[in-house]
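Please read these notes with the structure open beside you. They are meant for a first pass.

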Amino acid sequence: MTSSGEKWVTDDTFKPIVVDRESDVLFVTRNLFQLHKKRRQLRAETTDLNYRLSVPFAPHLFGSGKTTFCRSYLELVQRFRETSLSSFASDPSRKEFLDKLREAVLLYVDMTELKPTDPKEKSLEWAVHYLLFKSACLQSGFEEEPSPVECYNVLQLRTTVLVKRIREVLNMRTDQFLLVAFDEVGVLDTRGQYFDLEVNDEGRVRPYNDFFGIVRGLCKQDNVFFIVVGKSKGLSIKNYTASVSKVLLHFISLSPLNSSSIVEFLEKSHLEEQVHYRVCDILCSSSFSVNELAEALLEYTGGVPGLLTRAVNMLLNYVQTRGQPFTLKDECLSCMKEDGFRTVCSEPFVTRISTLDEDTRSLLDMLLMMALYRIPFNVNDRLNSGSYLFDAVTEMGLYRHPIDMNTFQVLLPKVFIGIFEELTSLSLLERILLGSLNIEPVDCFFASKCRVFEGIVAMRLVWILSSKVRNEFRESLGRLSAIWKDMKLPINGPSPLHYMMSVSRGEARSESSKERKTYASNEWNEIIHGALGFDKVYIPKEANSYSPDIMFKLQSPVKFKFLMVGVACKGRWKSEGIGWSDVIEEAKKFLKPVYDQVLSQALEFYHCMLIIVSTKLALNVANELGNQSRCYTSGMRIGGNSFEIPPNCELVILCESDVEMLIDREILNGLERAFSTSDRPVLKNFGLGLVQRVRHSFLSWQ
C-alpha cells in the first residue's frame with residue numbers, strides 16, 4: 001500500500017476489465033495466421049522463400065497495457081469472435097485457424113527471470129530454452145523449478161524436443177496451438193552483456209538480433225506462435241532484426257483509451273469481492289454521470305490503461321473511506337489536481353523520468369512543444385543517424401498516441417507534469433510548456449489539428465508582453481495605437497498558454513447535450529468578464545470561424561480602462577495572399593459582436609483591438625498599407641467602405657516585415673513548405689531542423 005498523508009492509497013479494490021482492443025486483437029490474429037500459412041516457407045520446404053517471419057511486438061512503456069493484453073489475448077479472441085473477428089473468419093482457411101486458436105494454450109514467459117543458466121552460462125539460446133521450459137512447469141503447478149543441468153541433458157538445445165516436452169508438461173495435444181507470450185523483453189538491454197552474442201561488422205553486439213533469431217528457430221515447429229512485449233527501443237530493434245535476422249516485427253498499437261472506452265471500463269469493472277457492485281456505481285452519485293467521470297479520468301491519465309487503473313483504485317479507496325460518492329465533476333477533478341494524488345498515482349511510472357541522461361534530457365522541450373502544438377510524427381522520423389523519435393518518446397518516459405498505423409502524437413498525461421516540474425535545471429521555456437499542457441483541456445489534444453503557427457505566435461506574445469527589456473515589436477504597437485500605449489506593460493512574467501472554450505454560434509450548439517462545449521456568439525460578455533484574466537494569453541481549444549486564434553486582456557495602470565485583444569493568425573500561404581475579404585471576415589466575427597455585447601454597455605471602460613498576423617498580404621492590401629503596419633480606429637472604413645470600425649475598437653494589420661519580428665523569415669518559410677502539403681502536416685513536413693530552430697528562437701528571448 002502507498003499513501004500520501006493516509007488520504008491516497010492504492011490498494012487493489014476492483015477487478016478491471018480489458019476494453020477497446022478489437023483492432024489490436026485483429027492485427028495480432030492476422031499476423032499469427034500468416035505464420036501458420038507460411039510455416040513451410042520458413043522451414044525452407046518450398047521454393048518460395050520470400051516469406052519472412054512476422055512477430056507481433058509491443059515496445060511500450062509501463063502502464064500501456066501490454067502485459068494485460070498478451071495475458072488476455074486468447075480470452076479476447078473468444079470475446080470478439082462474433083464482432084471484429086467475424087470478417088476475418090469469412091474465409092474457410094481463416095475460420096479453421098480461428099477455431100484452433102480458440103483452443104490454444106497460452107504460455108506466459110517473464111523475461112525478467114532470464115539469467116545465465118548452467119551448464120552453458122554464456123549461451124543466450126540455452127537461457128531462453130530453459131526459461132521456456134521452467135515457465136511451463138511453474139504454470140502447470142510444479143512446486144519446484146526443474147534442474148537446469150538435468151534439463152540440458154534431455155533437451156540439448158533441440159527445439160523439437162523442447163516443444164514436445166513443453167506440450168507434455170502443459171498436457172497439450174500435438175495439433176493444439178501453443179502461444180508463447182514473452183514479456184519484459186527490454187531486460188536484454190542490460191542482461192545481454194552476460195552472454196556470448198554475435199558481433200556485427202562494426203564490432204557491436206545486438207542482443208535482440210540473437211533473441212529473435214532464437215524465436216525464428218522455434219517458429220519452425222508446428223503450431224507454435226509468439227507475441228513479444230516489453231519496454232525497449234522498438235524501432236531500432238525492428239529495423240535491425242529485419243535486415244539481419246530476417247524477422248519482421250509488427251507493432252501492436254495498444255492505443256490509450258478514449259472517453260467512450262473509459263465509460264465501458266467503468267461500467268463493466270466491478271469490486272474485487274462484490275461482483276454486483278460496479279465501479280461507476282461506487283464513484284458516481286445521481287448528479288455525477290459516468291460520462292463526466294470518464295472525461296475527468298481521461299483529462300489526467302491520458303487514457304493510459306495502467307494509470308487509469310491506478311487512479312480508479314485511488315478514487316475508490318478515497319470514496320469508500322469517506323462513505324459517499326462524488327457529486328460533481330469539479331469535486332473529482334479537484335482530487336486529481338492535488339499534488340499528493342499525482343505523486344502517488346505516477347509513482348511506479350516515473351523511473352525513467354528521474355534517471356534521464358543528458359542527451360535524452362536535452363530533447364524535453366522539443367517533445368513538449370510537439371505535444372502542446374499537436375505536431376504529429378511519422379514512425380520513421382529520425383533525431384539523428386542512430387536514433388528515432390519513436391524510441392526517444394519511450395526513453396523520455398512519455399507515451400505515443402497513434403493517429404494511424406504510422407503516425408503518432410506525443411502524449412504527456414497530466415499526472416506526470418508535477419514529476420517533470422521537479423526536475424532540476426528546467427529552463428523557463430520548459431516550465432511554460434509544462435504549465436500550458438497542465439492547463440490545456442484534454443479534448444483539445446485529441447480533437448484539434450496541428451496548431452503550430454498559432455502556438456508560435458502565442459508563445460512570442462508571452463515573451464513580448466512580459467519582457468522587461470526594450471522590445472521593438474511592443475514599441476511599434478504603441479506607436480500605432482494610443483490605447484495600446486496606455487496599457488500596463490510588461491505584465492508580471494512569462495506564464496503558460498491558457499486554453500479556453502471556443503466561441504461558436506448559438507444555433508450550432510445542441511442544448512440537449514449533457515455539457516456545453518462552446519460559448520455562443522452572444523456570450524462575449526461572459527468571455528471578457530469571466531474567462532479572460534490579466535497576464536494570461538489564451539488559445540481557443542477548437543479552431544473555428546467564430547473566434548480569433550489568440551486572445552488576451554490588458555489593463556491601464558492608472559485608469560479603470562481595459563483592452564481586449566484578439567489575434568487572427570492568417571497562415572494559409574495562399575498565392576494571392578490575404579485580401580480585404582479575409583480581414584473583414586475576421587473583424588466581423590470579433591470586433592462587431594464584442595462591441596454589440598460588451599463595449600456598447602461600457603464604452604467608458606472597455607476597448608477592443610484585433611491584430612491581423614498574416615504570412616502574406618494580397619497586393620491591394622499591401623499597397624494600401626504602404627508596406628508598413630497600420631492601425632484603423634473607430635469610424636474608419638476598410639475594404640472599399642464595406643466595413644466600419646465600431647466605437648472604441650481598433651484594427652491593426654501587420655506588414656510582413658513586422659510579422660518577421662514575431663517569427664523570423666526562415667521559420668516562416670519552413671511553415672509555408674509544411675502547410676503547402678497538408679492542413680495537418682507531420683514532423684517530416686516541417687523538418688526536425690525547423691522545430692529545433694523554433695526552440696532556439698524561444699530560448700533566445702528568455
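This is a predicted model: local features need pLDDT of at least 70, side-chain atom pairs count only at pLDDT 80 or more; totals for chains, interfaces and linings use all residues.

The points below cover a helix pair, the nonpolar cores, one histidine and some backbone details.

1. A helix pair. Two packed helices are described by the angle between their axes and the distance between the axes. Here, helix α20 (residues 414-421) packs on helix α21 (residues 428-439) at an angle of about 160 degrees, and the two axes are 9 Å apart. An angle over 145 degrees counts as roughly antiparallel, so α20 is roughly antiparallel to α21. Their crossing is left-handed.

2. The contact between these helices. From α20, the residues K414, I417, F420 and E421 take part; from α21 they meet R431, L434, G435, L437, N438 and I439. By type, the residues of this contact divide into 5 nonpolar, 2 polar and 3 charged.

3. In soluble globular proteins, nonpolar side chains tend to be buried together. In this model the largest nonpolar core has 221 residues, and Y73, F182, F211 and L266 have the most contacts inside it. Helix α23 (residues 452-466) supplies the largest share of this core, 11 residues. There is also a second, separate core of 38 residues, with V621, L625, I645 and I653 among them.

4. A closer look at L266. Which residues does L266 contact, leaving aside neighbours within four places in sequence? They are R278, V279, C280, V290, L293, A294, L297 and V312.

5. A histidine in a helix. H129 lies in helix α4 (residues 124-139). Is H129 buried or exposed? H129 counts as buried because its relative accessibility is 1%, and the cut-off for buried is under 20%. Not counting residues up to four places away in sequence, H129 touches L157, T159, L162, I214 and L218.

6. Positive phi values. Most residues other than glycine have a negative phi, and most peptide bonds are trans. L157, one of the residues touched by H129, has a positive phi near 60 degrees. L157 sits in the loop between α5 (148-155) and α6 (159-169), and at 22% relative accessibility it counts as partly exposed. N223 also has a positive phi, of about 65 degrees. N223 is in the loop between α8 (207-218) and β5 (224-229); at 11% relative accessibility N223 counts as buried.

7. Cis peptide bonds. The bond from D118 to P119 is cis, with omega near 0 degrees, and P119 is in the loop between β3 (105-110) and α4. The bond from L489 to P490 is also cis. P490 is in the loop between α25 (482-486) and β13 (497-500).

How values were computed: Residues are numbered from 1 along each chain as its sequence is written. Side-chain values use heavy atoms; hydrogens and water are left out. Axes are lines fitted to C-alpha atoms, for helices over the stretch in contact, and angles run from 0 to 180 degrees between N-to-C directions. Helices (H or I, at least four residues) and strands (E, at least two) are DSSP runs, numbered from the N terminus. Angles under 35 degrees count as roughly parallel, over 145 as roughly antiparallel, 65 to 115 as roughly perpendicular and the rest as oblique. A crossing is left-handed if the near helix is turned anticlockwise from the far one by less than a right angle, and right-handed if clockwise. Contact means heavy atoms within 4.5 Å. Ala, Val, Leu, Ile, Met, Phe, Trp, Tyr, Cys and Pro count as nonpolar, Asp, Glu, Lys and Arg as charged, and the others, Gly among them, as polar. A nonpolar core is a set of buried Ala, Val, Leu, Ile, Met, Phe, Trp, Tyr and Cys residues joined through side-chain atoms within 4.5 Å. Buried means under 20% relative accessible area, exposed over 50%, partly exposed in between (1.4 Å probe, protein chains only).
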